Number of protein chains: 4
Amino acid sequence: MPIMMDADALAVFMKDVFKQVADDFAIDHVSETDLTTRLLVGERHLRPGGTISGPSIFALADVSAYLMTLARIGPKALAVTTNCSIDFMRKPAAGVDLIARTRLLKLGKLLSVCDVLVFSDGMDTPVARASLTYAIPPK
Amino acid sequence: MPIMMDADALAVFMKDVFKQVADDFAIDHVSETDLTTRLLVGERHLRPGGTISGPSIFALADVSAYLMTLARIGPKALAVTTNCSIDFMRKPAAGVDLIARTRLLKLGKLLSVCDVLVFSDGMDTPVARASLTYAIPPK
Amino acid sequence: MPIMMDADALAVFMKDVFKQVADDFAIDHVSETDLTTRLLVGERHLRPGGTISGPSIFALADVSAYLMTLARIGPKALAVTTNCSIDFMRKPAAGVDLIARTRLLKLGKLLSVCDVLVFSDGMDTPVARASLTYAIPPK
Amino acid sequence: MPIMMDADALAVFMKDVFKQVADDFAIDHVSETDLTTRLLVGERHLRPGGTISGPSIFALADVSAYLMTLARIGPKALAVTTNCSIDFMRKPAAGVDLIARTRLLKLGKLLSVCDVLVFSDGMDTPVARASLTYAIPPK
């Protein structure tokens, strides 16, 4: 079960389809079951005090599960999130990117399920965990 | 158990503490157990095709549960989301605000739990539902 | 959109298909969008100290969302839970049944979404809340 | 940060405190951050057709996160689940035990967070995933 899109193809697709936010994210690595992405933290992701906002962490988890799914099914912009459960566990470190490590747990005909651990770059205790379900558009 | 902050007090507090995003949201109504809020939808919340982004819907649910909690415990900026589960159920209508109806299900010493239904303004079938837990800072 | 199974039809179906657990549950009321069910609390649902076990509360929420879905789509034993998020908020009262109030939030071709509030009989603050997604078998 | 209870101590504690269900579960392995447990599948866990019931899988995830937490904080029967999100992804294999692999993602003063992957014994694709939060009783 090879990947249908590599990191470069995913980045090009993201720029085409989500140009408003594509510059927020980088794709470090992708395989059949794993994806590593990065939130390039900027002023717009911060809350007073310098912490990264919850919606920014959610957005990283959401785009990561989307890209992991597309890596396997190819460029289908219409895959949509149906469910996300997210636990915020620690305050992110200031001044560093967030790294998301995504695993593809299921790829069915109709649904994909991923889980994601989010870390401050250079730390080994997670800031957040999330699990997401995507509905895959019929062929 | 009266409220400690009314809609005006919540709006002032939000402008003080989250000035980056305070203009995105309006507070329509608050009582001891219920809050109605609104995402003032703008270009920055949209995805290509005109649909509202998942992170924007998450942000509305998150700020709503936060404000519902603060309405009861007073202005404690440090309340933090510990968990959110969200189901995206329908595509939002184009060109209208999102309305969030929040219920406070539990207000404990350490945790509050809310659920939120999100509607496109004027519709009566929900776009999304979410449940959120906030950790309340100790006195 | 009328219901395809009323409370009696649901009870008969449950006895046929889940005979191991059908005696644990009663169906008080069903409409197009709402269902009220009851866990008939017995020794096997209890933990030491007399509290009702988490898996018993989960089971009540799960069967309730299943029956709510079947009330609308008819007797399809193969509908399966794909996701559940549950918050345990208060200790159930001792010696009384649990009541589950279920709302159907979405009934699509492939997925149904319900939320459930669980109460100790006679109380008006919820013991638990849950949201569940069921995958509906294709015709 | 050593463990405060090893697999034998956890098994003895479970038999003391949850004697109704202790025989359903075995503890294969425990370390500071990981726990492997097993649902000893019997007739009472099955649905017609031989599949394992959702509440039985939930119970395995729930007891696993509880035991992982106790392994680190010691025998505190009063730790309670506050939240669980669970995805059911595949039908379990018939006639084999379920294995749960639990990771401790956070151990705070008030809350612990674990995630759990559940497998049919001998398979390497997961049947279910769950994440759970436990409230830790104050000292």
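Two conventions come first. Residues are numbered from 1 along each chain as its sequence is written, while chains are lettered from A, and ligands numbered from 1, in the order in which they are written. Because the model is predicted, local features need pLDDT of at least 70 and side-chain atom pairs count only at pLDDT 80 or more, whereas totals for chains, interfaces and linings use all residues.

I begin with chains A and B. Chain A can be laid on chain B by a turn of 180° and a shift of 0.0 Å along the axis, with an RMSD of 0.0 Å; such copies are superposed by least squares on the C-alpha atoms of residues with pLDDT of at least 70 in both. Within chain A, Ser85(A) has the C-alpha nearest the axis, 2.1 Å from it. Both copies use the same surface, since 100% of the contact residues of chain A recur in chain B. Contact here requires that the C-beta atoms of two residues, placed from the backbone, lie within 7 Å.

How many residues of chain A are in contact with chain B? There are 18 residues of chain A, in contact with 18 residues of chain B. On the side of chain A that touches chain B, helix H2 (54–73) and strand S3 of chain A each supply at least two residues. S3(A) gives the most to that side, with 9 residues. Helices (H or I, at least four residues) and strands (E, at least two) are DSSP runs, numbered from the N terminus. By residue class, the side of chain A that touches chain B divides into 10 nonpolar, 5 polar and 3 charged. In this scheme Ala, Val, Leu, Ile, Met, Phe, Trp, Tyr, Cys and Pro count as nonpolar, Asp, Glu, Lys and Arg as charged, and the others, Gly among them, as polar.

Let us stay with strand S3 of chain A, residues 80–88. The strand is mostly covered, with 8 of its 9 residues buried. Buried means that 20 or more other C-beta atoms lie within 10 Å of the residue's own; exposed means 12 or fewer, partly exposed is in between, and C-beta atoms are placed from the backbone. S3(A) is joined by 8 bridges to strand S6 (residues 128–135) of chain A, and the two run antiparallel. Here Val80(A) has Ala135(A) as its bridge partner in S6(A). A further 5 bridges join S3(A) to strand S3 (residues 80–88) of chain B, again antiparallel. Across that pairing, Asn83(A) stands opposite Asp87(B), and Ile86(A) stands opposite Cys84(B).

What order do the strands take in the sheet? The 12 strands form an open sheet in the order S1(A)-S2(A)-S4(A)-S5(A)-S6(A)-S3(A)-S3(B)-S6(B)-S5(B)-S4(B)-S2(B)-S1(B), with antiparallel pairing. Two strands pair if DSSP finds at least two bridges between them. At the edges stand strand S1 (25–30) of chain A and strand S1 (25–30) of chain B, each with a single partner strand, so one side of each is left without a neighbour in the sheet. Within chain B, 6 bridges join strand S2 (residues 34–39) to strand S4 (residues 98–107), which run antiparallel. One such pair sets Thr37(B) against Ala100(B) in S4(B).

Next comes helix H2 of chain B, residues 54–73. Its 20 residues should span 28 Å at 1.5 Å a residue, and its end C-alpha atoms are 29 Å apart, which agrees; the expected span is 1.5 Å times one less than the number of residues. H2(B) is mostly covered, with 18 of its 20 residues buried. Just after H2(B), Gly74(B) takes a positive phi of about 90°.

In chain C, Gly54(C) is found in helix H2 (residues 54–73). Is Gly54(C) buried or exposed? Gly54(C) counts as buried because it has 22 C-beta neighbours inside 10 Å. Leaving aside residues up to four places away in sequence, Gly54(C) touches Phe88(C), Asp62(D) and Thr81(D).

Finally, I turn to chains D and B. The contact takes 6 residues from chain D and 6 residues from chain B. Strand S3 (residues 80–88) of chain D gives the most to the side of chain D that touches chain B, with 3 residues. That side of chain D divides into 2 nonpolar, 4 polar and no charged residues. Chain D can be laid on chain B with an RMSD of 0.0 Å by a turn of 180° and a shift of 0.0 Å along the axis. The two copies are thus related as by a two-fold rotation axis.
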